[in-house]
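Dear colleague,

Please find below the structure for your files. My notes on it follow directly after.

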Amino acid sequence: MAIFANNATVLEGYLALSAVFEKGSFTPREKQIILLAASVENNCNYCAAAHSQIAKTLLRTPAEVIAAVQNNTPVPEAKLNALVNLVKELVRERGYAKEKTIQKFLAAGYKKEQVMELLLGIALKTISNYLDHFNPAPLDAAFQSEAVK
């Protein structure tokens, strides 16, 4: 946030988008997984470590779920795996997702409207991930244990 504070407009926009994303239909754990998956796909070590730590400590997300997202391996929970796959594909393919990936997301129990909602989380993380790319923040001591290898 200290880097965002260098531009009040960007900070205000980021905080507003974050507040809107928080109001969405995904569970707190799913929201952190969305933010983590986008950060991993965007190669942002700071955000990936931060969201891993939040998911693990505050939301009691199993370590194997977080490791799978970080290491691009299948997530052991089928519903979260469908979520992660769609998020990463949307990021990687710049908004294009295969119909098969969307259908797996829906078959896992998500709703069609939630595909659009994913875009809020992806946009949120794209802003902070890209900011970190050209203005990297040192990894906080609290996040060191979750640094993506």
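K79 counts as partly exposed because its relative accessibility is 36%, where buried means under 20%, exposed over 50% and partly exposed in between (1.4 Å probe, protein chains only). This is a predicted model, in which local features need pLDDT of at least 70 and side-chain atom pairs count only at pLDDT 80 or more, while totals for chains, interfaces and linings use all residues. Residues are numbered from 1 along each chain as its sequence is written, and side-chain values use heavy atoms, with hydrogens and water left out.

K79 lies in helix α5 (helices are DSSP runs of H or I, at least four residues, numbered from the N terminus). Apart from neighbours within four places in sequence, K79 is in contact (heavy atoms within 4.5 Å) with E30, A108, G109 and Y110.

Not counting residues up to four places away in sequence, V87 touches I34, A37, A38, L118 and I122.

Finally, the contact of α2 with α3: Q32, L35, L36, S39 and V40 in α2 meet C47, A48, H51, S52, I54 and A55 in α3.

Yours sincerely

Note on methods
Helix = DSSP H or I, 4+ residues; strand = E, 2+ residues; numbered from the N terminus.
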